[in-house]
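Let's take a quick tour of a protein model. Keep the viewer open and follow along.

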Amino acid sequence: MAVSIHAPRINNNDDQVKLIALDVAIGQKVDRGAVIGQVETDKAVVDIEAPAEGYVIGLQAEVDTMVEVGSILVWLGESADEVVPAAAAVETRAGQASGAPTAKARLLLKRHGLTADQVPAAGERLTAEDVEHYVAGKGGRTAQASGSPVATRIDRLPDVPGALRPLRPDERGMVNTVSWSRDFAVPGYIELEYDPQPWDAYAKDYADRHRLMLSPLLSLMAWRLVELARETPALNATHVGEQRYEYGEINLGFTVQAGETLYLTVLRNADTLDESGFVNAQGDIQRRAAGHRLVPAELQGATISFSSMARWKVSRHIPILPPHTALMVAHAVSADGRHVLGATYDHRVLNGFQVVNTLRKLSKPAVPDRKKENTQ
Amino acid sequence: MLFPIPGVERNEHGKPLIGLDDASLYAFGHLLRSTEQLILDLFSRGLLSGTTHTCIGQELCQMAVVRALDHEDDAVLSNHRNHGHYMTYSGDFLGLVAEVMGRKAGVCGGYGGSQHIAYRHFHSNGIQAGMTGIGAGLALARKRKDSPGIVTIMVGDGTLGEGLLYESMNLASIWNCRVLFVVENNGIAQTTYTSETLGGSIEARGQAFGLQTWRLNDADPEFSASVARVVAQVRESGRAGMLVIDTRRLGPHSKGDDLRADDEKAAIAARDPLAAIGRRLADSEREAIEARNTVFLARIEAEALASPEASFDAQRLHTFSPVSTTRIGSLQPAKASNVRLAINQALRTLLGGDERVLLIGEDLHEPYGGAFKVSAGLSGDFAGRVISTPISEAGITGASIGLALDGERPILEIMFADFLTLCMDQLYNHAVKFPGMFEDVKVPLLIRTPAGGRRGYGPTHSQNPENLFVSVPGLTVLFGSHRHNVGQLLVDAVQRWPNPTVFLEHKLLYGEAQDPADYELVAASPEDQGADLFPTLRRGADAPDVTLLSFGGMLPVVERAAKQLEEQEELAVEIVAPALLAPLPRGTLLDALLDRPRIVVVEESHHEFGVSAEILAMLAEAGFTGQVLRVGLAPVPIASARSLEREQIPDEQMIVASVLDLI
Ligand SMILES: Cc1ncc(C[n+]2csc(CCOP(=O)(O)OP(=O)(O)O)c2C)c(N)n1
Ligand SMILES: [Mg+2]
C-alpha cells in the first residue's frame, strides 16, 4: 500500500512551511530514514525523512512554495508502478453550483426587475455582462433569436398522460411576450369609439391617388402612430432600472395573421420613411408574412405596435404588450358597426391621459396643413 | 483652601506637623473626630448624600502612620475609610467637608466624594485592595529615581480576603521597594466579624512574602512613637513591610449600620484611645483645645455651606489627552518581513529612545523572549528595563498604572489576551479613573497582548476580547493588522498617546508579512480623537457593491473572501480596516461608510454587544439606509480541536456565504 509523506509542523504558530528542497524523482527507490527534502520556517530548516522504504510514485508539492502543514508532499509505493490512491488525487473544492448567476449578476437582475431565467448566460454562470447586455436592449432579441423564450417553469410533467411538443418560433415568441408582460409590465387598457368617416375618406383618397387595389387604411393608421411616436418619445419607450428608456429608433410592430400563425411583424426605422414609403414597406412585409417568408430581424425588436382585429368583427380585443414596449394600439370594428381604438400600455411608462390623447389624435388622419414643423 | 489650624504648624506642602506629645496628638485627633461628627451631622440634616465612612474611634490609628511620613515623595493609598488619613496628610479640612457635601470647594470639585480623593501623593478609591498593585508600581518608580519615598497602603482587616493584596505584597517584596502595607485591624468588615472570615494569622501573611512585619495597638500609650519608628525603619531598610494595627471602630461602618450589641459598643467606648489621651491632659488644657477646635470647625462648616454646588466648567465628553508631538527615534518601516519582527523592532526603538520605557510581563527574559518571542533579544540589550514578573496579571497591571502615574512609560505584556479579564478591575476602576476624574492626570500605560484563535489553543487561549474592553470609558483599544504599520502604531501609542491603551496583536499575524499592499489611508475626521495617529485603511472599489469592515487577525481572511467575491461573483468589494476600535473614529467611519449600499462587519470576537454592534448602531443613528450584516463568533466557547475551531470561527467561506445571502 502506498505511504504518504507529509509536511511537518515545526512550531505551533506556523500553519504553513516553505518547501525548500525535494531531492527525489518519480520512480526512485528510497530507504527508510533517507532525507527526501527540507522545509523551512522563519526559525528553522528541518529535514524530511522517508518513513519507510519504497519507490517514489507521486510528487505533490513544488519546491519554493509554501505548503500547508500536514499536506502530502510525496507518495511512496511498494513498487515503482503502484498508483497514487485515487481519493488523494482528487482535489475537493467547494464552488458555486454551475449555472447559478454571479452575485453581481443577481444584483443587476434585481435592479432591473429581471429574473435569472429571463437572461441567457453566455458561459457556465450568468454574469453581470450577460445582464447588462440584455438590459441594453440586445438581451430581449437575443432571447428570441436563440429560440429560448421564457415560460413558466414546470418542473414536473402533469400526471395525465401526454406528449411534449416543441413550440414553433412564433409560439415561443408569444410565450416570451406574455411572460414579459406577466413579470414586468404593469399593463393598463383604454379604448374609445371613433367616427370612421374621416379615416375612410382619407384612405379612399390615398388609394385612388396611388392606384391601390387593397385598402391602405390600417397601414395609414399605423403610419399616423409612427408620427405620434415621433412627436411624443414616451410612447416609444420602455422602463429600465427605475428610468424610462426612450428608443432612438421607431420599430413598428404590426400584427399579421397568416393562417394559424400570428406574426408581430416589425418594420424597422419606420420614422426614417415618409407616408408612401411606409405604406409600401408595410404592404411588402404583410405579403411576405402571409407567405411565411420573413427574416428574423422582421420579427423582433418592436418598440411600439399596432394591431387590428377589424377582420374578425370583435367588439374589443386587449393585446398583450410585446416585450420592452409601452404601447400597443388595438383596432376593432364590432359586428354592429362600432369603431373602436384601444390601447394596452405599460403604466410604468405612460399614464391614461397620455394614452387617451394619443388615441384621440389617432382617431383622425393628420390635417395636411398642420405640417408646420419647420416653423418650430 | 487651607485655613490655619489652631496650634498646628504646616510644612511647605501644607501637611500638618503633629508632635508626639499628648496635647498635639489629642488636639489633632479631636479635630478629626469633630470633623467626622460634623459630616454625620450634615448627613442627618440632609446636606450631603451618597456614602461616607468615618474613622471615629480609629483616629490615632489613621493619624499615626501618615503623621510619620516626612518625605515629600511619601505617598498614601487609602480606601473607603480615608478621612483620617487625608486630613493628616493634607490638613485640608474644608476640602474634605466640601467634597463630601458635593460642593465646588471640595478637594476634587465634587467628583470623588467621600471615597475617591486625590491630592498630591494621596489617592483613595472605593475598591477594596484595588490600589495595592498601583502602590507597588509607585514604589518601584521611586526606587528607579533613587527617591527614599515610602508608599503606604492602607487596608482594613476585611480586605485581607482580596487576592490582589497578596500579588501586591509579593511584587513589593521581590522588587525590594519601600511599600508599607498597613492593616487597620478593627476586627470587623462592615457587619462581619473578621474572626469568622480570616484563616491563619495576619502577620504570618506578611512574613510569608518576606515582608518585615510589625503588630501594634493604638491603645498603647507609646503607639504613635512606635509607628514612627516602623516608618523610619522601612525608609532606612529600603524594603517592604507590613504593619498590623489593632484598633476598634467606635462608630458605624457607614451611617446607621452599626448592628453590634450595646455591651460591645460600651466596651469599645471604654477603650477609646483618643479619650484616653485626653484624660491624660489637664481638664483646662483639654477644654481649651476642644473650644478652639469648635471655633475652627464652625468656620469650616460655614465656608463649606457657602460654597456653591459642584458644577462642570465644561462637561467633558471623553477623557483622552490629546496627541503629543514628541516623537523619539525614526519612523518604523511600513513593510517588514513579518509582524512579529515589526513589533520587536518597535519595542527596541522605544527602549532605545526613552529611559522611561519599561517592558513588564511574564517570561520576557532570554532565551524565551516573551509570548510568541515578540520581545526576543530585548532583556539582554536593555537589562533592568525588561522585567519578568510573577504570574500576577492584576498586580502587574496595577504596578504599571503606578509607574505610569509617576511618569514612566510602562509597556505591559499580557501573555494571552484571554487573561486581560484578570486586569479588568485595574483598567475599569483604576487606570481610566485617574485621567477620567482629573484632567491633568495622565496614565500613559500600554498593554500589549496576543489575541485570537485558529491555533488550536482552546477556550481560554484563543479569544479576541476587544468587545469587552471597547466599552470601558476612557480606555483606548487598538487592533492593527499586517496592512498597518504595526510598529509605528505601537511607537505612537507609547510615545504620543498618553492614555491607557490595550494594544491587541493577533497571533495569526505574527508570521504574516507586514505590507500595506493596495490599501490607502482613510482621511481622518478632525473630531475623532486619535484617528490620525491610528489610521483606518481601505482598499478596493470606489463604488462598491459590498463593504467588508474588519480588523486585526480577521483581515487576511476577509481579503481571501473579497478575492472570491470579486473573482467568482464579479462583485465590487471594498475593505475598510480600522486600527483604532476605541475611541471609535466615528466621523471618519461615517464619512467612509454612510453612502455605501451594503456593509458587512466581520470580527473574530464574540460579537454580540461588540464592536460591530456599535459601528452599525452608529450608522443607523446617522440615517444609513443600506443593508448591514454582522459576521462573528457565536456566544459559545472556542473549541480546541482545529477541526471544531474551524467550524466556529468565521472563515472566508462563511463570509462569502453571508455576503451572498445578504445580496
Ligand atoms: C472590592 C470591594 N468589595 C466590597 C466592597 C464593599 N465594602 C466597602 S467597605 C467594606 C468592608 C471593609 O472592611 P475592612 O477591610 O475590614 O475595612 P473597615 O471598613 O473595617 O475599615 C466592604 C465589604 C468594596 N468597596 N470593594
Ligand atoms: Mg475592618
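Which residues lie nearest the centre of the second largest pocket? They are D15(A), Q16(A), E68(A), L508(B) and R560(B), out of 35 lining residues.

Keep in mind that this is a predicted model, where local features need pLDDT of at least 70, side-chain atom pairs count only at pLDDT 80 or more, and totals for chains, interfaces and linings use all residues. Residues are numbered from 1 along each chain as its sequence is written, chains are lettered from A and ligands numbered from 1 in the order in which they are written, and side-chain values use heavy atoms, leaving out hydrogens and water.

**The pocket**
- A pocket here is an open set of points on a 1 Å grid where a 1.4 Å probe fits, with protein on both sides within 12 Å along at least five of seven lines; lining residues have an atom within 4 Å of a point.
- The second largest pocket holds about 1100 Å³ of space.
- Helix α19(B) gives the largest share of its lining, with four residues.
- By type, the lining has 20 charged residues (Asp, Glu, Lys, Arg), nine nonpolar and six polar.

- D157(B) sits in the loop between β6 and α6 of chain B, and I188(B) in strand β8, 31 residues apart.

Notes:
Helices (H or I, at least four residues) and strands (E, at least two) are DSSP runs, numbered from the N terminus. Grid points are joined across faces, edges and corners, and a volume is the space filled by probe spheres set on the points.
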